[in-house]
Amino acid sequence: MTESAAPRDDARSNSESVVIFDTTLRDGEQSPGATMHLEDKLQVAEILDQMGVDIIEAGFPIASEGDFEAVAAIAERARNAGVAGLARAIEADIARCGEAVRKARRPRIHTFVSTSPIHLRHQMNKSEDQVLEIIARTVTQARNLVDDVEWSAMDATRTPIDYLCRCVEAAIRAGATTINLPDTVGYALPHEYEAMFRQVRERVSGADKVVFSVHCHDDLGLAVANSLAGVAGGARQVECTINGLGERAGNAPLEEVVMAMRTRGDSLPFRTGIDATYLNRASKLVAAVASSPVQSNKAIVGRNAFAHESGIHQDGVLKNAQTYEIMTPASVGVTKTSLVMGKHSGRHAFKDKLRELGYELADNALADAFARFKNLADRKKVVYDEDLIALVDDEIVHAHDRIKLVDLTVFAGTRGPQSAVLTLAIDGEENTHQATGNGPVDAIFNAIQALVPHGATLELYQVHAVTKGTDAQAEVSVRLSEDGKTVTAKGADPDTLVASAKAYVASLNKLTMRRAKGHDALAS
Ligand code: KIV
Ligand code: ZN
(Lines give C-alpha, C1' and ligand atoms only; values in the text may rest on other atoms or scores of the structure.)
(Ligands and ions follow the chains in the order given, each with its own letter.)
Protein backbone atom coordinates (compact mmCIF):
# COMPACT_ATOMS: atom_id res chain seq x y z
CA MET A 1 0.00 0.00 0.00
CA THR A 2 1.35 3.43 -0.87
CA GLU A 3 1.51 6.03 1.87
CA SER A 4 -1.22 8.13 0.32
CA ALA A 5 -3.50 5.09 0.30
CA ALA A 6 -3.40 4.54 4.05
CA PRO A 7 -5.77 6.72 6.07
CA ARG A 8 -3.46 6.37 9.03
CA ASP A 9 -0.25 4.66 8.29
CA ASP A 10 0.02 2.85 11.60
CA ALA A 11 -3.49 1.42 11.61
CA ARG A 12 -2.44 -2.23 11.72
CA SER A 13 -3.73 -4.78 14.16
CA ASN A 14 -0.96 -4.27 16.69
CA SER A 15 -1.11 -0.48 16.81
CA GLU A 16 -3.31 1.71 19.00
CA SER A 17 -4.57 3.83 16.17
CA VAL A 18 -8.12 3.16 14.99
CA VAL A 19 -9.42 4.48 11.67
CA ILE A 20 -12.90 6.01 11.87
CA PHE A 21 -14.87 5.29 8.69
CA ASP A 22 -18.13 7.19 8.71
CA THR A 23 -20.97 5.81 6.60
CA THR A 24 -23.76 8.22 7.63
CA LEU A 25 -24.10 9.35 4.02
CA ARG A 26 -24.29 5.80 2.65
CA ASP A 27 -25.57 3.18 5.12
CA GLY A 28 -27.15 5.98 7.18
CA GLU A 29 -28.99 7.37 4.20
CA GLN A 30 -30.44 3.90 3.57
CA SER A 31 -32.45 4.34 6.77
CA PRO A 32 -36.19 4.65 6.02
CA GLY A 33 -37.11 8.28 5.29
CA ALA A 34 -33.53 9.59 5.68
CA THR A 35 -32.98 10.65 2.06
CA MET A 36 -30.87 13.83 1.99
CA HIS A 37 -30.43 16.69 -0.47
CA LEU A 38 -27.01 17.32 -2.00
CA GLU A 39 -26.59 20.50 0.07
CA ASP A 40 -27.43 18.57 3.26
CA LYS A 41 -24.85 15.93 2.38
CA LEU A 42 -22.20 18.58 1.77
CA GLN A 43 -22.89 20.07 5.20
CA VAL A 44 -22.67 16.70 6.90
CA ALA A 45 -19.47 15.85 5.01
CA GLU A 46 -17.95 19.18 6.03
CA ILE A 47 -18.49 18.59 9.72
CA LEU A 48 -17.21 14.99 9.44
CA ASP A 49 -14.11 16.30 7.72
CA GLN A 50 -13.59 18.96 10.39
CA MET A 51 -14.07 16.58 13.31
CA GLY A 52 -11.33 14.24 12.10
CA VAL A 53 -13.15 11.34 10.46
CA ASP A 54 -10.52 9.40 8.50
CA ILE A 55 -12.76 8.13 5.70
CA ILE A 56 -16.14 9.48 4.65
CA GLU A 57 -18.23 6.95 2.75
CA ALA A 58 -20.14 9.50 0.71
CA GLY A 59 -22.62 7.30 -1.15
CA PHE A 60 -23.27 4.60 -3.69
CA PRO A 61 -22.38 6.23 -7.02
CA ILE A 62 -24.14 3.78 -9.36
CA ALA A 63 -27.41 4.04 -7.40
CA SER A 64 -28.49 7.33 -8.98
CA GLU A 65 -27.23 10.52 -10.62
CA GLY A 66 -27.77 12.26 -7.28
CA ASP A 67 -25.57 9.79 -5.42
CA PHE A 68 -22.84 10.08 -8.02
CA GLU A 69 -22.93 13.87 -7.84
CA ALA A 70 -22.80 13.85 -4.05
CA VAL A 71 -19.83 11.47 -3.91
CA ALA A 72 -17.96 13.47 -6.58
CA ALA A 73 -18.66 16.81 -4.86
CA ILE A 74 -17.58 15.53 -1.45
CA ALA A 75 -14.46 13.94 -2.97
CA GLU A 76 -13.52 17.28 -4.42
CA ARG A 77 -14.17 19.25 -1.22
CA ALA A 78 -12.90 17.06 1.63
CA ARG A 79 -9.75 18.66 2.96
CA ASN A 80 -8.57 16.03 5.42
CA ALA A 81 -10.62 12.88 5.09
CA GLY A 82 -10.31 10.20 2.45
CA VAL A 83 -13.52 9.68 0.47
CA ALA A 84 -15.01 6.30 -0.35
CA GLY A 85 -17.85 5.23 -2.60
CA LEU A 86 -19.64 1.90 -2.43
CA ALA A 87 -19.74 -0.51 -5.37
CA ARG A 88 -21.24 -3.95 -5.79
CA ALA A 89 -18.96 -6.63 -7.25
CA ILE A 90 -20.02 -5.58 -10.73
CA GLU A 91 -17.76 -4.03 -13.35
CA ALA A 92 -20.03 -1.05 -14.08
CA ASP A 93 -20.44 -0.24 -10.35
CA ILE A 94 -16.71 -0.23 -9.76
CA ALA A 95 -15.98 1.90 -12.82
CA ARG A 96 -18.64 4.45 -11.80
CA CYS A 97 -17.35 4.51 -8.24
CA GLY A 98 -13.77 5.04 -9.43
CA GLU A 99 -14.96 7.99 -11.47
CA ALA A 100 -16.89 9.51 -8.54
CA VAL A 101 -14.03 9.40 -6.02
CA ARG A 102 -11.34 10.33 -8.56
CA LYS A 103 -10.77 13.85 -7.27
CA ALA A 104 -10.44 12.96 -3.59
CA ARG A 105 -7.12 13.52 -1.87
CA ARG A 106 -7.36 9.91 -0.80
CA PRO A 107 -9.87 8.10 -3.01
CA ARG A 108 -11.17 4.70 -1.92
CA ILE A 109 -13.35 2.16 -3.69
CA HIS A 110 -15.35 0.03 -1.28
CA THR A 111 -16.59 -3.09 -3.01
CA PHE A 112 -18.54 -5.93 -1.45
CA VAL A 113 -20.00 -9.31 -2.15
CA SER A 114 -21.99 -11.72 -0.01
CA THR A 115 -20.17 -14.74 1.35
CA SER A 116 -22.70 -16.54 3.58
CA PRO A 117 -24.40 -19.74 2.37
CA ILE A 118 -27.85 -18.21 2.81
CA HIS A 119 -26.98 -15.23 0.57
CA LEU A 120 -25.14 -17.37 -2.00
CA ARG A 121 -28.03 -19.76 -2.32
CA HIS A 122 -31.07 -17.50 -2.08
CA GLN A 123 -29.91 -14.10 -3.26
CA MET A 124 -27.02 -14.61 -5.63
CA ASN A 125 -27.55 -18.14 -6.89
CA LYS A 126 -23.76 -18.62 -7.09
CA SER A 127 -21.37 -21.32 -5.93
CA GLU A 128 -18.51 -20.69 -3.51
CA ASP A 129 -15.98 -21.00 -6.34
CA GLN A 130 -17.87 -18.53 -8.50
CA VAL A 131 -17.83 -15.98 -5.66
CA LEU A 132 -14.08 -16.50 -5.19
CA GLU A 133 -13.57 -15.78 -8.87
CA ILE A 134 -15.77 -12.64 -8.61
CA ILE A 135 -13.72 -11.37 -5.65
CA ALA A 136 -10.41 -11.80 -7.49
CA ARG A 137 -11.73 -10.13 -10.64
CA THR A 138 -13.53 -7.17 -9.07
CA VAL A 139 -10.90 -6.31 -6.47
CA THR A 140 -8.27 -6.38 -9.22
CA GLN A 141 -10.42 -4.02 -11.32
CA ALA A 142 -10.83 -1.62 -8.36
CA ARG A 143 -7.13 -1.76 -7.53
CA ASN A 144 -6.31 -0.79 -11.12
CA LEU A 145 -8.32 2.40 -10.56
CA VAL A 146 -7.19 3.46 -7.06
CA ASP A 147 -4.51 2.53 -4.54
CA ASP A 148 -6.94 2.20 -1.66
CA VAL A 149 -9.46 -0.63 -2.02
CA GLU A 150 -11.73 -1.89 0.72
CA TRP A 151 -13.36 -5.26 0.27
CA SER A 152 -16.33 -6.35 2.39
CA ALA A 153 -17.61 -9.87 2.96
CA MET A 154 -21.30 -9.16 3.27
CA ASP A 155 -22.91 -11.29 6.01
CA ALA A 156 -19.45 -12.32 7.20
CA THR A 157 -20.74 -13.30 10.63
CA ARG A 158 -22.93 -16.04 9.13
CA THR A 159 -20.17 -17.34 6.86
CA PRO A 160 -18.30 -20.56 7.81
CA ILE A 161 -14.82 -19.53 8.92
CA ASP A 162 -12.92 -21.73 6.43
CA TYR A 163 -14.70 -20.21 3.45
CA LEU A 164 -14.45 -16.71 4.91
CA CYS A 165 -10.67 -17.14 5.17
CA ARG A 166 -10.47 -18.24 1.53
CA CYS A 167 -12.46 -15.17 0.45
CA VAL A 168 -10.33 -12.79 2.50
CA GLU A 169 -7.17 -14.34 1.08
CA ALA A 170 -8.48 -13.92 -2.47
CA ALA A 171 -9.27 -10.24 -1.79
CA ILE A 172 -5.83 -9.58 -0.29
CA ARG A 173 -4.11 -11.33 -3.17
CA ALA A 174 -6.05 -9.18 -5.64
CA GLY A 175 -4.87 -6.01 -3.88
CA ALA A 176 -7.43 -5.08 -1.19
CA THR A 177 -5.91 -2.80 1.43
CA THR A 178 -8.76 -2.91 3.97
CA ILE A 179 -10.80 -6.02 4.75
CA ASN A 180 -14.20 -5.38 6.28
CA LEU A 181 -16.06 -8.24 7.98
CA PRO A 182 -19.55 -6.86 8.59
CA ASP A 183 -22.19 -8.14 10.94
CA THR A 184 -24.70 -7.27 8.24
CA VAL A 185 -27.77 -8.62 10.03
CA GLY A 186 -26.75 -7.68 13.59
CA TYR A 187 -26.58 -11.33 14.64
CA ALA A 188 -23.15 -11.72 16.25
CA LEU A 189 -22.30 -11.72 19.95
CA PRO A 190 -19.21 -9.80 21.06
CA HIS A 191 -17.06 -12.86 21.93
CA GLU A 192 -17.90 -14.47 18.58
CA TYR A 193 -17.09 -11.33 16.63
CA GLU A 194 -13.73 -10.93 18.39
CA ALA A 195 -12.89 -14.61 17.77
CA MET A 196 -13.73 -14.28 14.07
CA PHE A 197 -11.16 -11.49 13.62
CA ARG A 198 -8.52 -13.40 15.58
CA GLN A 199 -9.01 -16.53 13.50
CA VAL A 200 -9.01 -14.75 10.14
CA ARG A 201 -5.88 -12.80 11.08
CA GLU A 202 -4.11 -15.94 12.23
CA ARG A 203 -5.05 -18.11 9.29
CA VAL A 204 -4.92 -15.85 6.24
CA SER A 205 -1.62 -15.24 4.56
CA GLY A 206 -1.01 -11.52 4.01
CA ALA A 207 -3.38 -10.56 6.86
CA ASP A 208 -0.60 -8.54 8.50
CA LYS A 209 -0.42 -6.29 5.41
CA VAL A 210 -4.01 -5.02 5.55
CA VAL A 211 -6.28 -3.14 7.93
CA PHE A 212 -9.23 -5.14 9.24
CA SER A 213 -12.51 -3.36 9.73
CA VAL A 214 -15.69 -3.79 11.79
CA HIS A 215 -19.14 -2.84 10.48
CA CYS A 216 -21.94 -3.67 12.92
CA HIS A 217 -25.70 -3.36 12.74
CA ASP A 218 -27.75 -2.91 15.87
CA ASP A 219 -30.56 -5.44 15.46
CA LEU A 220 -29.84 -6.93 18.89
CA GLY A 221 -28.57 -3.66 20.38
CA LEU A 222 -24.99 -4.95 20.24
CA ALA A 223 -23.46 -2.80 17.49
CA VAL A 224 -21.14 -0.83 19.79
CA ALA A 225 -20.21 -3.83 21.94
CA ASN A 226 -19.46 -5.84 18.81
CA SER A 227 -17.43 -3.02 17.26
CA LEU A 228 -15.26 -2.78 20.38
CA ALA A 229 -14.92 -6.57 20.50
CA GLY A 230 -13.79 -6.57 16.85
CA VAL A 231 -11.14 -4.00 17.71
CA ALA A 232 -10.03 -6.20 20.63
CA GLY A 233 -9.73 -8.98 18.03
CA GLY A 234 -7.35 -6.89 15.92
CA ALA A 235 -9.59 -4.75 13.68
CA ARG A 236 -8.29 -1.21 13.34
CA GLN A 237 -11.07 0.44 11.37
CA VAL A 238 -14.55 1.07 12.76
CA GLU A 239 -17.43 1.75 10.38
CA CYS A 240 -20.10 3.79 12.08
CA THR A 241 -22.65 6.55 11.63
CA ILE A 242 -23.66 9.70 13.46
CA ASN A 243 -26.59 8.93 15.82
CA GLY A 244 -26.38 5.29 14.70
CA LEU A 245 -28.44 6.14 11.62
CA GLY A 246 -28.69 3.17 9.26
CA GLU A 247 -30.56 0.20 7.84
CA ARG A 248 -33.25 -1.23 10.14
CA ALA A 249 -32.04 -0.76 13.75
CA GLY A 250 -29.08 1.25 12.47
CA ASN A 251 -25.28 1.06 12.59
CA ALA A 252 -22.88 1.52 15.49
CA PRO A 253 -23.10 5.19 16.55
CA LEU A 254 -19.80 6.98 15.94
CA GLU A 255 -20.18 9.09 19.07
CA GLU A 256 -20.57 6.04 21.31
CA VAL A 257 -17.62 4.16 19.86
CA VAL A 258 -15.36 7.20 20.09
CA MET A 259 -16.38 8.15 23.62
CA ALA A 260 -16.16 4.56 24.88
CA MET A 261 -12.55 4.40 23.70
CA ARG A 262 -11.81 7.79 25.15
CA THR A 263 -13.53 7.38 28.49
CA ARG A 264 -12.33 3.80 29.05
CA GLY A 265 -8.82 4.21 27.72
CA ASP A 266 -7.68 2.23 30.79
CA SER A 267 -9.07 -0.94 29.28
CA LEU A 268 -9.43 0.10 25.61
CA PRO A 269 -6.01 1.51 24.76
CA PHE A 270 -6.96 2.88 21.35
CA ARG A 271 -6.89 6.34 19.80
CA THR A 272 -8.99 7.91 17.12
CA GLY A 273 -8.37 11.23 15.42
CA ILE A 274 -11.85 12.53 16.35
CA ASP A 275 -12.26 15.91 18.01
CA ALA A 276 -15.16 14.93 20.28
CA THR A 277 -16.31 18.51 20.83
CA TYR A 278 -17.96 18.28 17.39
CA LEU A 279 -20.16 15.33 18.37
CA ASN A 280 -23.15 17.29 19.64
CA ARG A 281 -23.22 19.57 16.61
CA ALA A 282 -22.86 16.69 14.18
CA SER A 283 -25.66 14.82 15.91
CA LYS A 284 -28.04 17.79 15.64
CA LEU A 285 -27.21 18.37 12.01
CA VAL A 286 -27.73 14.74 11.02
CA ALA A 287 -30.97 14.49 13.03
CA ALA A 288 -32.27 17.56 11.19
CA VAL A 289 -31.26 16.71 7.64
CA ALA A 290 -32.31 13.06 7.95
CA SER A 291 -35.56 13.98 9.76
CA SER A 292 -34.58 11.40 12.33
CA PRO A 293 -34.84 12.80 15.86
CA VAL A 294 -32.53 11.47 18.54
CA GLN A 295 -34.24 9.72 21.45
CA SER A 296 -33.87 11.77 24.64
CA ASN A 297 -32.01 9.07 26.58
CA LYS A 298 -29.58 8.27 23.75
CA ALA A 299 -25.99 7.91 25.00
CA ILE A 300 -23.67 10.90 24.45
CA VAL A 301 -25.99 13.08 22.32
CA GLY A 302 -29.50 12.54 23.75
CA ARG A 303 -31.06 15.57 25.35
CA ASN A 304 -31.00 13.81 28.76
CA ALA A 305 -27.51 12.35 28.39
CA PHE A 306 -26.16 14.85 30.94
CA ALA A 307 -29.40 15.73 32.77
CA HIS A 308 -29.62 14.85 36.47
CA GLU A 309 -33.16 14.67 37.77
CA SER A 310 -32.91 12.79 41.06
CA GLY A 311 -32.18 14.93 44.14
CA ILE A 312 -29.35 12.66 45.26
CA HIS A 313 -27.67 12.87 41.85
CA GLN A 314 -28.13 16.66 41.64
CA ASP A 315 -26.63 17.05 45.11
CA GLY A 316 -23.64 14.90 44.16
CA VAL A 317 -23.02 16.69 40.85
CA LEU A 318 -23.12 20.10 42.56
CA LYS A 319 -20.47 18.92 45.02
CA ASN A 320 -18.32 17.23 42.39
CA ALA A 321 -19.49 16.47 38.84
CA GLN A 322 -17.51 13.21 38.79
CA THR A 323 -19.87 11.69 41.36
CA TYR A 324 -22.35 10.98 38.59
CA GLU A 325 -20.66 12.07 35.36
CA ILE A 326 -18.11 9.82 33.63
CA MET A 327 -17.37 12.45 30.98
CA THR A 328 -18.07 16.17 30.88
CA PRO A 329 -20.81 17.61 28.68
CA ALA A 330 -18.22 20.04 27.29
CA SER A 331 -16.05 17.15 26.09
CA VAL A 332 -18.75 16.24 23.54
CA GLY A 333 -19.61 19.81 22.67
CA VAL A 334 -22.53 20.42 25.03
CA THR A 335 -22.01 23.86 26.51
CA LYS A 336 -24.01 25.47 29.30
CA THR A 337 -26.62 27.76 27.79
CA SER A 338 -26.57 31.21 29.30
CA LEU A 339 -28.53 33.50 26.99
CA VAL A 340 -32.31 33.77 27.24
CA MET A 341 -33.80 34.86 23.95
CA GLY A 342 -36.74 37.19 23.43
CA LYS A 343 -37.99 39.86 21.07
CA HIS A 344 -35.29 42.32 22.13
CA SER A 345 -32.43 39.98 21.31
CA GLY A 346 -30.29 41.18 18.44
CA ARG A 347 -28.65 39.40 15.53
CA HIS A 348 -25.36 39.03 17.40
CA ALA A 349 -26.96 37.36 20.44
CA PHE A 350 -28.96 35.15 18.09
CA LYS A 351 -25.80 34.02 16.31
CA ASP A 352 -24.05 33.35 19.65
CA LYS A 353 -27.02 31.38 20.90
CA LEU A 354 -27.08 29.25 17.76
CA ARG A 355 -23.38 28.57 18.18
CA GLU A 356 -24.05 27.48 21.78
CA LEU A 357 -26.67 25.10 20.47
CA GLY A 358 -24.24 23.69 17.94
CA TYR A 359 -25.35 25.47 14.77
CA GLU A 360 -23.14 27.44 12.42
CA LEU A 361 -25.26 28.91 9.63
CA ALA A 362 -24.05 30.57 6.44
CA ASP A 363 -24.92 34.28 6.11
CA ASN A 364 -28.09 33.86 4.02
CA ALA A 365 -29.46 31.04 6.13
CA LEU A 366 -28.65 33.05 9.27
CA ALA A 367 -30.52 36.07 7.95
CA ASP A 368 -33.58 33.92 7.12
CA ALA A 369 -33.47 32.18 10.49
CA PHE A 370 -33.14 35.53 12.28
CA ALA A 371 -36.19 36.91 10.47
CA ARG A 372 -38.18 33.85 11.49
CA PHE A 373 -36.90 34.13 15.06
CA LYS A 374 -38.11 37.77 15.24
CA ASN A 375 -41.48 36.70 13.96
CA LEU A 376 -41.64 33.94 16.56
CA ALA A 377 -40.49 36.26 19.37
CA ASP A 378 -43.34 38.64 18.51
CA ARG A 379 -45.78 35.81 19.09
CA LYS A 380 -44.10 34.21 22.13
CA LYS A 381 -42.78 35.85 25.32
CA VAL A 382 -39.79 33.61 25.81
CA VAL A 383 -38.11 31.73 23.02
CA TYR A 384 -36.62 28.57 24.54
CA ASP A 385 -33.67 26.60 23.20
CA GLU A 386 -36.10 23.93 21.97
CA ASP A 387 -37.97 26.60 19.96
CA LEU A 388 -34.75 27.70 18.32
CA ILE A 389 -33.72 24.14 17.55
CA ALA A 390 -37.10 23.50 15.89
CA LEU A 391 -36.83 26.76 13.97
CA VAL A 392 -33.29 26.20 12.71
CA ASP A 393 -33.89 22.54 11.88
CA ASP A 394 -36.85 23.70 9.83
CA GLU A 395 -34.63 26.24 8.09
CA ILE A 396 -31.89 23.71 7.28
CA VAL A 397 -34.21 20.95 6.15
CA HIS A 398 -36.55 23.02 4.02
CA ALA A 399 -34.10 25.42 2.40
CA HIS A 400 -34.11 23.46 -0.87
CA ASP A 401 -37.75 22.43 -1.03
CA ARG A 402 -39.50 22.62 -4.41
CA ILE A 403 -42.93 23.06 -2.80
CA LYS A 404 -43.29 25.88 -0.27
CA LEU A 405 -46.20 27.03 1.87
CA VAL A 406 -46.91 30.68 1.09
CA ASP A 407 -50.21 31.46 2.79
CA LEU A 408 -52.95 29.77 4.77
CA THR A 409 -56.32 30.93 6.09
CA VAL A 410 -58.56 28.49 7.91
CA PHE A 411 -62.23 28.71 8.84
CA ALA A 412 -62.82 26.48 11.85
CA GLY A 413 -65.12 26.20 14.85
CA THR A 414 -68.45 24.68 15.80
CA ARG A 415 -70.28 25.90 12.71
CA GLY A 416 -69.05 23.90 9.72
CA PRO A 417 -68.08 23.19 7.13
CA GLN A 418 -64.45 23.87 8.03
CA SER A 419 -62.45 25.12 5.09
CA ALA A 420 -58.97 26.24 4.15
CA VAL A 421 -57.66 28.68 1.56
CA LEU A 422 -54.09 27.71 0.84
CA THR A 423 -51.38 29.07 -1.44
CA LEU A 424 -48.34 27.01 -2.39
CA ALA A 425 -45.34 27.97 -4.49
CA ILE A 426 -44.32 25.02 -6.65
CA ASP A 427 -40.93 25.60 -8.28
CA GLY A 428 -41.54 29.31 -7.70
CA GLU A 429 -45.03 29.44 -9.23
CA GLU A 430 -47.85 30.32 -6.82
CA ASN A 431 -51.26 28.63 -6.89
CA THR A 432 -54.21 28.94 -4.52
CA HIS A 433 -56.98 26.48 -3.74
CA GLN A 434 -59.92 26.47 -1.34
CA ALA A 435 -61.13 23.16 0.09
CA THR A 436 -63.49 21.95 2.77
CA GLY A 437 -62.96 18.98 5.02
CA ASN A 438 -63.93 16.99 8.01
CA GLY A 439 -62.24 19.44 10.39
CA PRO A 440 -59.62 22.12 9.65
CA VAL A 441 -56.66 19.74 9.21
CA ASP A 442 -58.60 17.62 6.73
CA ALA A 443 -59.54 20.79 4.83
CA ILE A 444 -55.87 21.86 4.67
CA PHE A 445 -54.74 18.45 3.50
CA ASN A 446 -57.48 18.39 0.85
CA ALA A 447 -56.31 21.76 -0.44
CA ILE A 448 -52.73 20.51 -0.63
CA GLN A 449 -53.85 17.33 -2.41
CA ALA A 450 -55.71 19.46 -4.97
CA LEU A 451 -52.63 21.60 -5.65
CA VAL A 452 -50.15 18.69 -5.64
CA PRO A 453 -52.10 15.62 -6.80
CA HIS A 454 -50.48 12.39 -5.59
CA GLY A 455 -51.37 8.80 -4.77
CA ALA A 456 -49.52 8.51 -1.45
CA THR A 457 -51.31 7.35 1.69
CA LEU A 458 -51.27 9.35 4.91
CA GLU A 459 -49.97 6.92 7.53
CA LEU A 460 -49.32 9.18 10.48
CA TYR A 461 -50.39 12.59 11.69
CA GLN A 462 -48.97 13.46 15.10
CA VAL A 463 -48.79 16.70 17.09
CA HIS A 464 -46.66 17.54 20.07
CA ALA A 465 -45.78 20.74 21.89
CA VAL A 466 -42.13 21.78 21.64
CA THR A 467 -42.23 23.51 25.07
CA LYS A 468 -44.75 24.14 27.85
CA GLY A 469 -47.51 26.79 27.79
CA THR A 470 -50.43 27.63 25.53
CA ASP A 471 -48.18 29.74 23.31
CA ALA A 472 -45.84 26.77 22.75
CA GLN A 473 -44.87 25.86 19.21
CA ALA A 474 -46.58 22.80 17.82
CA GLU A 475 -44.40 20.26 16.09
CA VAL A 476 -46.35 18.11 13.65
CA SER A 477 -45.08 14.90 12.05
CA VAL A 478 -46.60 13.54 8.87
CA ARG A 479 -45.75 10.18 7.35
CA LEU A 480 -46.73 9.33 3.78
CA SER A 481 -46.28 6.02 2.01
CA GLU A 482 -46.07 5.28 -1.68
CA ASP A 483 -45.24 1.96 -3.34
CA GLY A 484 -44.23 0.42 -0.03
CA LYS A 485 -41.77 3.22 0.85
CA THR A 486 -42.40 5.76 3.58
CA VAL A 487 -41.24 9.31 4.19
CA THR A 488 -41.66 11.25 7.40
CA ALA A 489 -41.27 14.98 7.85
CA LYS A 490 -41.98 17.61 10.46
CA GLY A 491 -43.27 21.16 10.58
CA ALA A 492 -43.14 23.57 13.52
CA ASP A 493 -45.13 26.72 14.21
CA PRO A 494 -46.99 28.33 17.13
CA ASP A 495 -50.14 27.77 15.05
CA THR A 496 -50.90 24.03 14.98
CA LEU A 497 -52.71 24.31 11.65
CA VAL A 498 -49.80 26.07 9.97
CA ALA A 499 -47.44 23.44 11.44
CA SER A 500 -49.74 20.74 9.97
CA ALA A 501 -49.62 22.30 6.52
CA LYS A 502 -45.82 22.66 6.73
CA ALA A 503 -45.38 19.02 7.77
CA TYR A 504 -47.60 17.73 4.94
CA VAL A 505 -45.78 19.88 2.38
CA ALA A 506 -42.41 18.76 3.78
CA SER A 507 -43.41 15.10 3.35
CA LEU A 508 -44.41 15.76 -0.25
CA ASN A 509 -41.04 17.40 -0.87
CA LYS A 510 -39.32 14.30 0.46
CA LEU A 511 -41.47 12.06 -1.66
CA THR A 512 -40.62 14.11 -4.75
CA MET A 513 -36.93 13.84 -3.93
CA ARG A 514 -37.16 10.10 -3.36
CA ARG A 515 -38.91 9.58 -6.72
CA ALA A 516 -36.27 11.67 -8.49
CA LYS A 517 -33.45 9.66 -6.96
CA GLY A 518 -34.82 6.25 -7.94
CA HIS A 519 -32.57 5.11 -5.10
CA ASP A 520 -34.62 2.13 -4.12
CA ALA A 521 -33.87 0.10 -7.21
CA LEU A 522 -30.56 -0.85 -5.65
CA ALA A 523 -30.38 -2.39 -2.23
CA SER A 524 -27.16 -3.21 -0.43
O1 KIV B 1 -24.03 -4.14 6.34
C2 KIV B 1 -23.31 -4.41 5.37
O3 KIV B 1 -22.88 -5.55 5.15
C4 KIV B 1 -22.96 -3.33 4.46
C5 KIV B 1 -21.93 -3.63 3.42
C6 KIV B 1 -22.25 -2.98 2.12
C7 KIV B 1 -20.59 -3.24 3.94
O8 KIV B 1 -23.43 -2.22 4.61
ZN1 ZN C 1 -24.31 -2.01 6.65
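Analyst: Domain 1 (15-289) and domain 4 (403-517) both contribute residues to the lining of the largest cavity, so this cavity lies between them. Please keep in mind that what you see is a predicted model.

Let's step inside. The volume of the largest cavity is about 90 Å³, and its lining is made up of 14 residues. If you want to find its centre on your screen, look for His37, Val397, His398, Asp401 and Lys510, the lining residues that lie nearest to it. Two elements each give two or more residues to this lining, namely helix H14 (385-398) and helix H16 (496-517). Helix H16 has the largest share, with 4 residues.

The model has 3 cavities of 30 Å³ or more. The second largest cavity holds about 50 Å³ of space. Lys351, Leu354, Arg355, Tyr359, Glu360, Leu361 and Leu366 line the second largest cavity. Helix H12 (residues 347-356) supplies the largest share of that lining, 3 residues. By class, the lining of the second largest cavity splits into 4 nonpolar and 3 charged residues, with no polar ones.

The largest share, 8 residues, comes from helix H1. The lining of the second largest pocket has 22 nonpolar, 9 polar and 16 charged residues.

The chain is divided into domain 1 (15-289), domain 2 (302-333), domain 3 (337-397) and domain 4 (403-517). You already know domains 1 and 4 from the largest cavity, but domain 1 also has a contact with domain 2, to which domain 1 gives 7 residues and domain 2 gives 6. The C-alpha centres of these two domains are 34 Å apart. The size of an interface is often given as the accessible area lost when the parts come together. For domain 1 and domain 2, that buried area is about 490 Å², with 61% of it on carbon and sulfur atoms. On the domain 1 side, Met259, Thr263 and Thr277 lose the most area to domain 2, together 64% of what that side buries. Across this interface there are 0 salt bridges.

Finally, two spots in the backbone deserve a glance. Most residues other than glycine have a negative phi, and most peptide bonds are trans. Asn243 is not a glycine, yet its phi is positive, about 65 degrees. You can find Asn243 in the loop between strand E8 (237-240) and helix H9 (254-263). The peptide bond from Gly416 to Pro417 is cis, with omega near -5 degrees. Pro417 sits in the loop that runs between strand E9 and strand E10 (418-426).

Note on methods. Residues are numbered from 1 along each chain as its sequence is written. Chains are lettered from A and ligands numbered from 1 in the order in which they are written. This is a predicted model: local features need pLDDT of at least 70, side-chain atom pairs count only at pLDDT 80 or more; totals for chains, interfaces and linings use all residues. Side-chain values use heavy atoms; hydrogens and water are left out. On a 1 Å grid over the protein atoms alone, a cavity is a set of points where a 1.4 Å probe fits but cannot get out, and a pocket is an open set with protein on both sides within 12 Å along at least five of seven lines; lining residues have an atom within 4 Å of a point. Grid points are joined across faces, edges and corners, and a volume is the space filled by probe spheres set on the points. Domain bounds come from an automatic or database domain assignment. Ala, Val, Leu, Ile, Met, Phe, Trp, Tyr, Cys and Pro count as nonpolar, Asp, Glu, Lys and Arg as charged, and the others, Gly among them, as polar. Contact means heavy atoms within 4.5 Å. Buried area is the accessible area (1.4 Å probe) that two parts lose on being put together, summed over both. A salt bridge is a side-chain nitrogen of Lys or Arg within 4 Å of a carboxyl oxygen of Asp or Glu.
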